[in-house]
Amino acid sequence: MIDFLGDVLAQRIPTVSQGEQHDFRWEWLAEGVLSFTPKQAYEKAIVLSAGVHGNETAPIELLAQLSQDIFAGVLQLKVKLILILGNPVAIRSGQRYVENDMNRMFCGAHQQFSETFEAKRVAELEQLVADFFQSCPAQVKRYHYDLHTAIRLSLLPTFALFPYQTHGYDAVMLACLSAAELDALVYHNAAGRTFTHYTSSRFQAASSTLELGHAKPFGQNDLSAFSAINQVLRSVVTEQALPARQKSAIKNFRVVDSIIKTEDDFQLNLADSAPNFSMFQSDAVIALQQGKPYVIAPEQVWILFPNTQVKKGLRAGLILTELRS
Ligand SMILES: [Zn+2]
């Protein structure tokens with residue numbers, strides 16, 4: 001077996017890189033990348049990734065436990081699975097990223113950053129994921145859960161983002177996100193350069209980016225706060241029934257606009273510490289530039305990922321409307 005997280009933290013290359021155990025074959029494909037293939041026929045191929053931002057520790061620990069329990073035979077694997085710890089260098093140094101944010105570099109965008117470690121890593125992950133999906137029979141359903149945590153507080157503490165996509169939203173994935181007790185789903189309205197946009201657009205995978213609350217340094221996380229998503233991931237890889245949702249119904253939001261900072265004096269009409277999903281009433285000024293209102297709420301809207309510190313030309317927040325059924 002492989003010590004999935006321990007090898008990454010110690011920067012160790014395993015002496016044995018593939019093998020068979022229980023009813024599956026496993027293969028160590030690169031640092032922080034491990035695949036499992038059941039010997040029996042399977043219906044789903046699933047990418048589980050964490051640590052694309054290196055300091056988002058709790059989901060990294062969940063994937064490490066998951067791999068241990070698969071090797072130990074505690075979990076009976078029923079799907080083809082690839083586990084990915086996205087940014088090993090940043091994981092070791094406890095940083096979000098070293099030189100560039102990997103989750104802005106997928107879909108070929110890494111070619112603009114050819115010399116950096118993160119650009120090479122994104123290219124490597126794109127190739128490994130392509131090989132993984134293309135090695136499956138055509139009828140196998142493809143999934144990608146990319147697990148994150150946030151620094152900013154959030155009025156809706158846990159949520160998932162769907163990349164902009166032209167194929168339908170997968171009912172199994174929606175059921176999993178609901179069972180994971182997420183508070184909200186957010187549907188993007190435009191293409192991005194995220195890992196999930198890559199798997200969704202290139203391989204028609206059912207993909208979502210999960211924001212699972214707060215993380216602390218390794219070993220200090222209260223993993224019980226992540227027990228709902230942990231249970232769901234275990235159900236997903238073993239094809240067992242999902243746990244029942246205990247919370248009220250999940251809320252749905254659509255991205256209607258991105259706020260782009262174009263001037264140095266850009267300001268948001270919001271405290272720096274304001275939580276995600278802060279609300280603006282219709283006609284409220286959301287952002288100012290050059291002393292004038294720059295973005296005004298067209299109706300009641302919510303703001304996600306507000307950040308005035310971005311470079312000019314980059315996104316300083318997303319504007320959402322709620323979808324009510
Ligand atoms: Zn993240």
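Which residues lie nearest the centre of the largest pocket? In this predicted model, they are Arg96, Asp101, Arg104, Val310 and Arg315.

**View 1. The largest pocket and its centre.** The largest pocket has a volume of about 1,600 Å³. Its lining consists of 47 residues. Sorted by class, the lining holds 18 nonpolar, 19 polar and ten charged residues.

**View 2. Elements and domains that line the largest pocket.** Residues in the lining of the largest pocket come from both domains, with at least three from domain 1 (4-238) and at least three from domain 2 (256-323). The elements that contribute two or more residues to the lining of the largest pocket are the helix α6 (195-203) and the strands β7 (159-162), β9 (206-211), β10 (251-260) and β16 (315-323). The most comes from β16, which gives four residues.

View 3. The zinc ion is coordinated by ND1 of His53, two OE atoms of Glu56 and ND1 of His148. The distances are 2.0 to 2.3 Å. Along the chain, the donors of the zinc ion follow the spacing H-x2-E-x91-H. His53 and Glu56 are both buried.

**View 4. Angles at the zinc ion.** The four donor atoms subtend angles of 57 to 143° around the zinc ion, so the arrangement is irregular. To count as tetrahedral, four donors need all angles between 85 and 135 degrees. For comparison, the ideal angle at a metal with four tetrahedral donors is 109.5 degrees.

Conventions:
Residues are numbered from 1 along each chain as its sequence is written. This is a predicted model: local features need pLDDT of at least 70, side-chain atom pairs count only at pLDDT 80 or more; totals for chains, interfaces and linings use all residues. Side-chain values use heavy atoms; hydrogens and water are left out. On a 1 Å grid over the protein atoms alone, a cavity is a set of points where a 1.4 Å probe fits but cannot get out, and a pocket is an open set with protein on both sides within 12 Å along at least five of seven lines; lining residues have an atom within 4 Å of a point. Grid points are joined across faces, edges and corners, and a volume is the space filled by probe spheres set on the points. Ala, Val, Leu, Ile, Met, Phe, Trp, Tyr, Cys and Pro count as nonpolar, Asp, Glu, Lys and Arg as charged, and the others, Gly among them, as polar. Domain bounds come from an automatic or database domain assignment. Donors are N, O and S atoms within 2.8 Å of the metal (3.2 Å for Na, K and Ca); water is not among the atoms, so sites may look incomplete. Four donors count as tetrahedral if all angles lie between 85 and 135 degrees; four count as square planar and six as octahedral if opposite donors are over 155 degrees apart and all others between 65 and 115; anything else is irregular. Buried means under 20% relative accessible area, exposed over 50%, partly exposed in between (1.4 Å probe, protein chains only).
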